[in-house]
Structures are given as C-alpha cells and as structure tokens.
Amino acid sequence: MAKRLLPTLNRVLVEKLVPPSKTNAGILLPEKSSKLNSGKVVAVGPGTRDKEGKSIPVAFKEGDTVLLPDYGGHQVKLGEKEYHLYRDEDILGTLLD
C-alpha cells in the first residue's frame, strides 16, 4: 500500500541522507568522518499567511538537498521508510552541488 504525506502550512517532509560507511575500494570510514546532517526534500506544504493575509511560500522545493539541525523535527514512518517533518524556518539551508 503506497502512502503519500502532504505537509500542512510551512512544514517540509525530509528523507535523511545516510553517508556511505565505506569507500568504493572497501575502506571502512569512521562513523564521525565528514558527517553532514543533510536530507532530501520529499514534499512541502503550501506555506503560511502573514497578518495581512498574504501568502508566504515555503523556501524549499521537492528534490532540494538541505542542511538539517542536529535536533528537532518529528519522525514519521510511512511503510518501511523513515522521514522527518520540519518547519520551514528550522531547516538551516540548501546544499548546492
């Protein structure tokens, strides 16, 4: 059964990226080496409204790779996959290639 979660307001659904535990040559990497808390945006909410009623869109779009805080967000499990739900303002930034 396929499930899809559409976040409300200014929330962003993120799938955390897991860094590889070893190189292509088979060298095991320590757990803390180059660990960057990042994830891929899976879905975004429509945004919020300001005091005048104007729409404030979410700053991220589906497919963006984002830098996440060490703590926060809500863990959501859909099927076998694990996601995290963050508010727009809690995400630290977008990672560019």
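Trainee: Which residues does Val44 touch, leaving aside residues up to four places away in sequence?

Mentor: Contact means that heavy atoms lie within 4.5 Å. By that criterion, and not counting residues up to four places away in sequence, Val44 touches Leu6, Pro7, Arg11, Val12, Val58, Phe60, Lys61 and Glu62. Please keep the origin of these values in mind: this is a predicted model, in which local features need pLDDT of at least 70 and side-chain atom pairs count only at pLDDT 80 or more, while totals for chains, interfaces and linings use all residues. Residues are numbered from 1 along each chain as its sequence is written, and side-chain values use heavy atoms, with hydrogens and water left out.

Trainee: Which residues form the largest nonpolar core?

Mentor: In soluble globular proteins, nonpolar side chains tend to be buried together. A nonpolar core is a set of buried Ala, Val, Leu, Ile, Met, Phe, Trp, Tyr and Cys residues joined through side-chain atoms within 4.5 Å. Buried means under 20% relative accessible area, exposed means over 50%, and partly exposed lies in between, with a 1.4 Å probe and protein chains only. The largest core here has 10 residues: Val12, Val14, Val41, Val44, Val58, Phe60, Val66, Leu68, Tyr86 and Ile91. The elements that give two or more residues to this core are S1 and strand S2 (38–44). Apart from it lies another core of 6 residues, including Leu13, Ala43, Leu78 and Leu85.

Trainee: How many helices and strands does the protein chain have?

Mentor: Helices (H or I, at least four residues) and strands (E, at least two) are DSSP runs, numbered from the N terminus. The protein chain has 0 helices and 8 strands, and its pattern along the sequence is β-β-β-β-β-β-β-β.

Trainee: In what order do the 6 strands of the open sheet stand?

Mentor: Strands of a sheet pair through backbone hydrogen bonds, either parallel or antiparallel. Two strands are taken to pair if DSSP finds at least two bridges between them. In this model the order is S6-S7-S1-S2-S5-S8, with antiparallel pairing. Strand S6 (74–78) and strand S8 (93–94) stand at the edges, each with a single partner strand, so one side of each is left without a neighbour in the sheet.

Trainee: Which residues are bridge partners in S7?

Mentor: S6 and S7 pair in the antiparallel sense over 5 bridges, and Val76 has Tyr83 in S7 as its bridge partner. S7 is also joined to S1 by 4 bridges, again antiparallel; there, Val14 is partnered by His84 of S7. S1 in turn pairs with S2 in the antiparallel sense over 5 bridges, with Gly39 in S2 as the bridge partner of Lys16.

Trainee: How many salt bridges does the structure hold?

Mentor: A salt bridge is a side-chain nitrogen of Lys or Arg within 4 Å of a carboxyl oxygen of Asp or Glu. The structure holds 2 salt bridges. In one of them, the side chains of Glu15 and Lys81 meet at 3.8 Å, N to O. Glu15 lies in strand S1 (residues 11–16) and Lys81 in strand S7 (residues 81–87), so the pair ties together parts that are 66 residues apart in sequence. Glu15 is partly exposed, with a relative accessible area of 28%, and Lys81 is partly exposed at 43%. A salt bridge also links the side chains of Asp64 and Lys61 (3.2 Å, N to O). Asp64 is buried, with a relative accessible area of 12%, whereas Lys61 is exposed at 54%.

Trainee: Where does Glu62 lie?

Mentor: Glu62 lies in the loop between strand S4 (55–56) and strand S5 (65–67). Glu62 is partly exposed, with a relative accessible area of 46%. Although 20 residues separate Glu62 and Val42 in sequence, they are 5.3 Å apart in space, C-alpha to C-alpha. Not counting residues up to four places away in sequence, Glu62 touches Arg4, Val41, Val42, Ala43 and Val44.

Trainee: What is the phi of Leu9?

Mentor: Most residues other than glycine have a negative phi. Leu9 has a positive phi of about 50°, although it is not a glycine. Leu9 is placed in the segment before S1 and is partly exposed, with a relative accessible area of 46%.
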